[in-house]
Amino acid sequence: VCVGAANTSKSFRGDPLIKNYFRQIYGPELSNDLQTAKNMSPLHLMKHFKSRAKKLLLVHGENDPRVAKEEAHTLAATARELGIPCIHVGYGEEGHSIRKEPNAIHMWHTVEKFVCECVKLPEPPAVDPKLVEGCTATLYWDSSSV
């Protein structure tokens, strides 16, 4: 749940492309200054999120080498503590991107339902179960009706 210099993950620190990405996108201060990076982290910003958004959809690959699944669980727990309605879905056997076809179809359908609910559109049609056969999604928490 940390960005830039605050991300102490060995996979992050050992990946020069990621380090370069943060430097280009966020500049040297976020890339090098621990306190600035912590202040920009999703966990730190969660308290501001509560006053600006009605709901949160948290999707995470269980084998993400850059964002540990514990960090996703921490974000979900913080949302729960702050009373932010949240859907938290993890995908087994997925990394930083959801790539396996049944998982991607499930994820995008979940996103579509979430957006439709947020903007008060009718729910999209159900997905053909054959298309999501073998999906590794785990619904950790759904308080979206809170």
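**Figure 1. Burial and overall layout of the predicted protein model.** Of the 146 residues of the protein, 37% count as buried, where buried means under 20% relative accessible area, exposed means over 50%, and partly exposed lies in between (1.4 Å probe, protein chains only). The protein contains six helices and three strands; helices (H or I, at least four residues) and strands (E, at least two) are DSSP runs, numbered from the N terminus. From the N terminus on, the order of the elements is α-α-α-α-β-α-β-α-β. Among contacts between residues at least 6 apart in sequence, 71% join residues at least 24 apart; a contact means heavy atoms within 4.5 Å. This is a predicted model, in which local features need pLDDT of at least 70, side-chain atom pairs count only at pLDDT 80 or more, and totals for chains, interfaces and linings use all residues. Residues are numbered from 1 along each chain as its sequence is written, and side-chain values use heavy atoms, with hydrogens and water left out.

**Figure 2. Confidence along the chain.** The predictor's confidence in each residue is given as pLDDT, from 0 to 100. The mean pLDDT of the protein is 84, and 84% of its residues reach 70 or more. Among the elements, helix H1 (residues 10–13) has the lowest mean pLDDT, 55, while helix H6 (residues 101–118) has the highest, 96. Where pLDDT is low, the predicted coordinates should not be read in detail.

**Figure 3. The largest nonpolar core.** A nonpolar core is a set of buried Ala, Val, Leu, Ile, Met, Phe, Trp, Tyr and Cys residues joined through side-chain atoms within 4.5 Å. The largest such core has nine residues, namely Met46, Leu56, Leu58, Leu75, Ala76, Ala79, Ile84, Cys86 and Trp141. Elements E1 and H5 each give two or more residues to this core, and H5 supplies the largest share, three residues. A second, separate core of seven residues includes Leu57, Val89, Tyr91 and Met107.

Figure 4. Leaving aside residues up to four places away in sequence, tryptophan 141 touches Ala76, Ala79, Arg80, Ile84, Cys86, Ile87 and His88. The charged end of arginine 80 sits over the ring of tryptophan 141, 4.3 Å from its centre; for this, NZ of Lys or CZ of Arg must be within 6 Å of the ring centre and within 35 degrees of the ring normal. Threonine 78 is found in helix H5 (residues 69–82). Threonine 78 counts as buried because its relative accessible area is 15%. Again not counting residues up to four places away in sequence, threonine 78 touches Leu43 and Met46.

**Figure 5. Three salt bridges.** The whole structure holds three salt bridges, each defined as a side-chain nitrogen of Lys or Arg within 4 Å of a carboxyl oxygen of Asp or Glu. Glutamate 117 and lysine 55 meet in one of them (2.0 Å, N to O). This pair links distant parts of the chain, 62 residues apart: glutamate 117 lies in helix H6, and lysine 55 in the loop between helix H4 (42–52) and strand E1 (56–61). Glutamate 62 forms a salt bridge with lysine 69, with the closest N and O atoms 4.0 Å apart. Glutamate 62 is buried at 14% relative accessibility, whereas lysine 69 is partly exposed at 36%. Glutamate 93 and lysine 100 also form a salt bridge, their closest N and O atoms being 3.0 Å apart. Here glutamate 93 is exposed at 52% relative accessibility, and lysine 100 is partly exposed at 38%.
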